[in-house]
Structures are given as structure tokens and as C-alpha cells.
Amino acid sequence: MAVEQQNRRISPAERNARFAMATRQNWQMLPAISGELNSTVSFNLPKVRYLSKVRLLVEAVITATHASATTYTPAPFAPFSLLRKVSMDINNGFSPFKLSGKELYLYSLIRNNAGVYDIKNSGRGRVVQGVAAGSDGVANTVRFVADLPVNVNDRDPIGMILLQNEETVVTVTVDFADLEGLAPATSGYTFDVSNIKVTPMVETFSLPVARDAQPDISVLKLVHSTTQTISGSGVQTLALPVGNTYRKLALYIEDDSGVGVADADIAGNFELVLNQADIPYNIKPSVLAAINQEQFDTILPQGFYVFDFSYQGLSGYGGSRDFIDTERLTEFWFRFNAPAAGKITAIYETLSRLRTR
């Protein structure tokens, strides 16, 4: 009986439950790193425990000067657009995160508690950008926290990275944008950005002693993006990468001035097409927007739509029932009828299984 119990395969649910009982959460701040506009900063993660999440506290001061105006208009998607690109790279060739600041903001909205990303002009909000201006210059606080979660959700350890390994090096790189990341050039205004810094916080979990309580680290969650120019009105096909398993697919459709396209301006339906023939999703944009509001408890920005295959009552916590496995597909397309010239950005969260010999 003892041998039979030893040889019994541990299910993923049992392994996750044993991990939860045998581990301990750790939050550790890393030193602040100073930056400046159009600069790049990077840091390696400490080689301890299992990595669950990196939080980036980004801070700056923007001083706005105008002879008569008392406010200014921030850039679209500011202050996240201060970040030109954020990436997390492992020295095995995988990059769990590779997004622009704008894309990271949009991705943050489709996790949970999207309301915490409402932009405040002052106070204790998670996302703050002051908008005051004056003839002598007014210094405004810029502050936000951006999350890079590597596990699939806050409950399950799937996707965690073993940092406590001499062979593994995980590097986070932050590229800062230019001034227009916070405020576009506007007649009569002078802007100065100073005191830019990023302070990382690393969330990790201790290593359980028992082997059957250790998480499966053969699966990596990857969050990447791709962008395609829309030359004019008509049917557009965006070919998405194949080979991994899709948990979420988010799409931002904008016109040639960078404004999100309204639901009513898109004729016909959105289609997800597998191997050019199978169309499991065929839905009107306004209906998808309504479903998204139900899923994320907020109205998403105009032009932003999400196919959340991980949703089963709560985003990120569903099983694999609706995941789209593209390993055996030759084509995976998003197809729609564009109203005019512009651009489409796809942000996709996928799972990749590490190959072992």
C-alpha cells in the first residue's frame, strides 16, 4: 500500500494545494534606480526562492510652465507612456514580458481590480499624474506602480520561475521614453521632467522541502505584443504567432491620429480564425465590449477589446477549457472590417512548455 501511494501521480491541483501549505510569501524591495528621459535602466533579480511577481514603482516630477494656463493635458496613456518598453528576460532565451508602457497599462486593466488604474491628479492613488501649470512653473508628482506577474494568477503557482538556481539569471529592463511620454509639445507650454526613478519590489515564495509540494516550473507565462498598420478601410487580417497556448488576447484598434475606434464605426463582426477555416469566435464589437465590461467590472477604453479564454467567473482563474492551443495550427488570425487607416495592436498572454531532455 505504501509503495502504491508513493507511485501515485500527484495531480496539479494536489501539487498546488501542497505548495500553498508548505511555502511562505516574501516581499522584498530592491534599491531605487535613477533614470532620465530616453535612457535605459536594468537590474537582475536576487537568486532566491520562486518568483511570482515584480512590481515597479515609477516616480518622476514634471514641471509645467505657461504664461496664463493653470493646467495642461497629459499624453494619451500617461503616465504609463513614460515607459517606452518594459521587458523581463531569462538567460534561457525566454522573455516573460515584453511590452510598451501603453501596452502594459492595457494589460493591467484585464487582470482584476481595473479601477485601481484610474488616474488621479494627486493623493494616494496607485496611478498619479498632476496636471497643474503656472507662469512660474508648477512641479507635479508622477507616480505609478506597474506589475509584472509571472504566475497565471495570485492563487496558482503555475508559471513561477525558480530564481534559486545558479544557472538562471532574470533581468528586468526599463526603457524610458521622451518628454512626449508624459506631455505632448503644446504651443505656449514649457515642460521639464526630473527625478525619474524606478524602485522594484519582488514577490517570491520559499522552496518547500517535500518534492510533491514543489510547483511545476516547466510552464512559462509569456506576455508579448505585435502591431500592424492599417492602410485603409476594408477587411484586415492580423496573423498571430502560433506554437503556444493562448489564455488572453487583447486588441487595441486606433485611427491614424491614435484615437481608439468606436464600436459603431466597425462594420461586421470580429472573427478568430484557426487554420483559415474554423471560426470559434464570431462576435459584434459592441457585444464583446459589453462582455468585457461584465468580465472586468469596468468600461474598457474605446477601441480596446479582449478575448479572455481564462475567464470562468473570474479572469485568470478559469481552467484550460477555452484555451487556444496553437502548437498544431499553421495559422491563427484575428479578422475584422477596419473603418479607415490606423493601427491595430495585439497583446497576448500565452503559456509555453519548456522542453526537457
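These legends describe close-up views of a predicted model.

**View 1. Strand E15 and its surroundings.** Strand E15 covers residues 245-255. Of its 11 residues, 10 are buried, so the strand is largely enclosed by the rest of the structure.

**View 2. E15 beside strand E21.** E21 runs over residues 342-353. E15 and E21 pair in the antiparallel sense, with 10 bridges between them. Look for Ala250, which stands opposite Ile347 in E21.

**View 3. E15 beside strand E18.** E18 spans residues 304-308. Here too the pairing with E15 is antiparallel, over 5 bridges. Lys248 stands opposite Asp308 in E18.

**View 4. E15 beside strand E19.** E19 consists of residues 324-325. It pairs with E15 in the antiparallel sense over 2 bridges. At this pairing, Thr245 faces Asp325 of E19 as its opposite residue.

**View 5. The largest nonpolar core.** This core has 60 residues. Those with the most contacts inside it are Leu45, Leu51, Leu56, Met88 and Leu148. Strand E4, residues 50-65, gives the largest share of the core, 7 residues. In soluble globular proteins, nonpolar side chains tend to be buried together.

**View 6. Leu45 and its contacts.** Leu45 is among the residues with the most contacts inside the largest nonpolar core. Set aside its neighbours within four places in sequence, and Leu45 is in contact with Leu51, Val54, Leu163, Val170, Val172 and Val202.

Terms used:
Residues are numbered from 1 along each chain as its sequence is written. This is a predicted model: local features need pLDDT of at least 70, side-chain atom pairs count only at pLDDT 80 or more; totals for chains, interfaces and linings use all residues. Side-chain values use heavy atoms; hydrogens and water are left out. Buried means under 20% relative accessible area, exposed over 50%, partly exposed in between (1.4 Å probe, protein chains only). Helices (H or I, at least four residues) and strands (E, at least two) are DSSP runs, numbered from the N terminus. Two strands pair if DSSP finds at least two bridges between them. A nonpolar core is a set of buried Ala, Val, Leu, Ile, Met, Phe, Trp, Tyr and Cys residues joined through side-chain atoms within 4.5 Å. Contact means heavy atoms within 4.5 Å.
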